[in-house]
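The sequence and the model come first.

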Number of protein chains: 2
Amino acid sequence: VSGDSDVGSVLAGDPGFGPANLPYGVFSVGQSARRVGIALGDSVLDLAAFTNDDVFARPSLNDFMSQGRERWRALRAQVQNALVNYPADILRSLVPRADVSLHLPVDVADFVDFFSSLEHATNAAAILRPGETPLQPNWRELPVGYHGRAGTVVVSGTDVVRPAGQLRGEHGARPSLAPTRALDVETELGFVVGVGSGHFTSVAADDFAEHVFGVVLLIDWSARDIQAFEYRPLGPFLAKSFATTISPWIVPLDALAHARVPAPQRDREPLPYLRETDSWSLDIDMALRLQGVEISHPNTASLYWTGAQQMAHMTVNGASLRTGDLFGSGTVSSFDAAAQGSLLEITSGGSRPLTLPDGETRDYLRDGDTVELEGSARGADGSTISLGTAVGRIIGAAV
Amino acid sequence: VSGDSDVGSVLAGDPGFGPANLPYGVFSVGQSARRVGIALGDSVLDLAAFTNDDVFARPSLNDFMSQGRERWRALRAQVQNALVNYPADILRSLVPRADVSLHLPVDVADFVDFFSSLEHATNAAAILRPGETPLQPNWRELPVGYHGRAGTVVVSGTDVVRPAGQLRGEHGARPSLAPTRALDVETELGFVVGVGSGHFTSVAADDFAEHVFGVVLLIDWSARDIQAFEYRPLGPFLAKSFATTISPWIVPLDALAHARVPAPQRDREPLPYLRETDSWSLDIDMALRLQGVEISHPNTASLYWTGAQQMAHMTVNGASLRTGDLFGSGTVSSFDAAAQGSLLEITSGGSRPLTLPDGETRDYLRDGDTVELEGSARGADGSTISLGTAVGRIIGAAV
């Protein structure tokens, strides 16, 4: 068996992680220290071993990401070249994926969450504030967003404990502290910043790929009843801050070149600082599963505002970017219930419960439920780029 | 001249930084590396030199803070003991304050900003939303707050560039991108977390001093016109994220034992998780100055919710605390214009401009203005505990 055919069988083990993808993560084997690797077929390429560069012998990607796009591309080319010409170099640095534990790939600096799906904003408003104008006057002018809690971003596989919070009292009664009865998910794409920017400067939308290293899948866990009582006038706080789950593999922007699609139709031209020469709209298919059963398949191509526009907006006031910043697209959704990104929308606020194959019904999540968000896109040469999965299981609140 | 009398003259050089205070900061001298020190009179005690412990030879306080309250108290006792019994040990580790540069004392993890002054919330609502109910139903039940941007927290003395943002168009016109015309300050107290907490656990209000290391003065720069257009429904974002200034010296909670006062009158008992055995209401006098002229003197004793209640609320949903977390009290204010904490309130939204001694008037801040927030409290044995100052000068927006 030649080295080359061994690489072939590794790649065949999971075709979504082929040479056109090469996503980055942080792994460990047994009790060994965490280090940086690339998902390759059914294995992980140990980058510290492959390159002998100790920037990969670290427990997060931050130091490597801060080295910039030229370095990211050089490493990607080095791996792609070795796959073709020096497979033995690859093979001796591979670890089976089944043998590794995956960890949070970045030290998250600031976490921002946007609200950039027109369909989600419209659907949610119709359910939560029927009769009111669905979109605020700002919505079509700028990517509405808010800061979330960086310290509670967790990697896929981390159990999520049902949060408690103040729930509105009925008939004028005072609120009570109780576990949420309306635990939901929002299916999002997350952008990871590799290269920061100076304070009191703004970053142009067209410089997106100079700053953003790659994307992850992101589950924005949301307690609708906590949010309903707390959010006026300063926005969501405890309804979201208990946990945010991301997928373990950061797919580099270079892997998504073939997933770029024209921007969606907008009914007005954005202000100049929000214009892109070439749109960063991405055609990424998502699958949302509950207990392993697909309940929805959103696609990111419909998002009204792109990651590049979100980045430009976030910095137009002079706020700096830092290595490790994470920002979420907002719920990816649709006017079609089969492609909506939250139970709020899929069940119309609980009024149209979901029936699972075993006959159980759901409005919101129950203890023991397992939520899984998967993503994939078109890659070079007809390949598939897998974004992997973000998974979380709901655990009952501590008494 | 004995060693003892030399310490006396150092302390006499700035009595607010006496043995009852001992606040921590990060300093450098010339091109030397940053390290941790304590403000002592008109000098800085170089803790790496004084203790020979390399946890102080670091560019932030985070590692020391994470060691916990017992360690904080032991070091404080060691310095206080040396001041009395071994003054030569102190003297040989002192650097004149005039010779040092001061830096951001902590690596800020998450930044949360509360809204806990009843007077500020009432005043602001009356100006911004006249005719509406001033307080939402949540306000008296929980400390309303939101996450801010940790990456743009800066140390006192950092110039602040006037931010640009989308300003609402008049008569139905579209918004335009322009430098804010309503740049304001909010005078706050900031709490710095030393010891983190586990994810998916809550922290009791009475454990405040086990987790919170100390306090700083905090200027929450605010662009009122950017906020007015962007904030619905997810809260303030770019209106606040361009900069937050903190004072360089973190005053330990132990220095504030004599500043604790009874909680303000509340018209209802808080839910059990928000009750404190002994209130962490603090009597801290603030002075807000513009061009060196005092324009207001808020006091923190009137805050409706204490730092301990804010911490308990922030974690009741299972969100963890991390070393370096910073949370702001919200604007400290009053129904009396002489003690209000924002220009919005002091000038009634610009309708009652402020006249400075040189005859100039202000609604909001102009380029070149210098804002200074000073704070002090009562310490042990009749001493004064200075919180130092947080200063920022406004620079015109880049063209």
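Two strands count as paired if DSSP finds at least two bridges between them. Strands (E, at least two residues) and helices (H or I, at least four) are DSSP runs, numbered from the N terminus. The model is predicted: local features need pLDDT of at least 70, side-chain atom pairs count only at pLDDT 80 or more, and totals for chains, interfaces and linings use all residues. Residues are numbered from 1 along each chain as its sequence is written, chains are lettered from A and ligands numbered from 1 in the order in which they are written, and side-chain values use heavy atoms, with hydrogens and water left out.

**Sheets**

In chain B, β23 (residues 370–378) and β24 are joined by 9 bridges and run antiparallel. Within this pairing, B:E374 has B:T389 of β24(B) as its bridge partner. The hairpin of β23(B) and β24(B) has 5 residues between the strands, and B:D381 there takes a positive phi near 55 degrees.

Both strands belong to an open sheet of 5 strands in chain B, with the order β9-β24-β23-β18-β19 and mixed pairing. Its edge strands are β9 (160–161) and β19 (293–296) of chain B, each of which pairs on one side only. The parallel contact of β9(B) is with β24 (residues 384–395) of chain B, through 2 bridges. Here B:V160 is the bridge partner of B:I394 in β24(B). Strands of a sheet pair through backbone hydrogen bonds, either parallel or antiparallel.

Chain A also has an open sheet of 5 strands, in the order β9-β24-β23-β18-β19 and with mixed pairing. The edges are β9 (160–161) and β19 (293–296) of chain A, each pairing on one side only. Strand β18 (residues 284–290) of chain A pairs with β19(A) in the antiparallel sense over 3 bridges. In that pairing A:L288 stands opposite A:S296 of β19(A).

**Helix α4 of chain A**

Helix α4 (residues 69–85) of chain A has 17 residues and reaches 24 Å from its first C-alpha to its last, close to the 24 Å expected at 1.5 Å a residue; the expected span is 1.5 Å times one less than the number of residues. Which residues of α4(A) are buried? They are A:W72, A:L75, A:R76, A:V79, A:A82 and A:L83. These residues cover an arc of only 130 degrees around the axis, which puts them on the same side of α4(A); the arc is that of the directions from the helix axis to the C-beta atoms. On the other side of α4(A), A:E70 and A:V84 are exposed. Buried means under 20% relative accessible area, exposed over 50%, and partly exposed in between (1.4 Å probe, protein chains only).

**Cavities**

On a 1 Å grid over the protein atoms alone, a cavity is a set of points where a 1.4 Å probe fits but cannot get out, and a pocket is an open set with protein on both sides within 12 Å along at least five of seven lines; lining residues have an atom within 4 Å of a point. Grid points are joined across faces, edges and corners, and a volume is the space filled by probe spheres set on the points.

The whole structure has 9 cavities of 30 Å³ or more. The largest cavity holds about 100 Å³ of space. Its lining includes A:W72 and A:R76, both of which are also among the buried residues of α4(A). Helix α4 and strand β14 (212–220) of chain A each give two or more residues to this lining, and the largest share, 4 residues, comes from α4(A).

**Pockets**

| Pocket | Volume | Lining |
|---|---|---|
| Largest pocket | about 740 Å³ | 30 residues |
| Second largest pocket | about 480 Å³ | 24 residues |

Nearest the centre of the largest pocket lie A:L128, A:R224, A:D225, A:Q227 and A:A228. Its lining takes at least two residues from each of β6 (111–114), α6 (118–128) and α8 (224–230) of chain A, with α8(A) giving the most, 4 residues.

For the second largest pocket, B:L128, B:R129, B:R224, B:Q227 and B:L344 lie nearest the centre. Helix α6(B) gives the most to that lining, with 4 residues.
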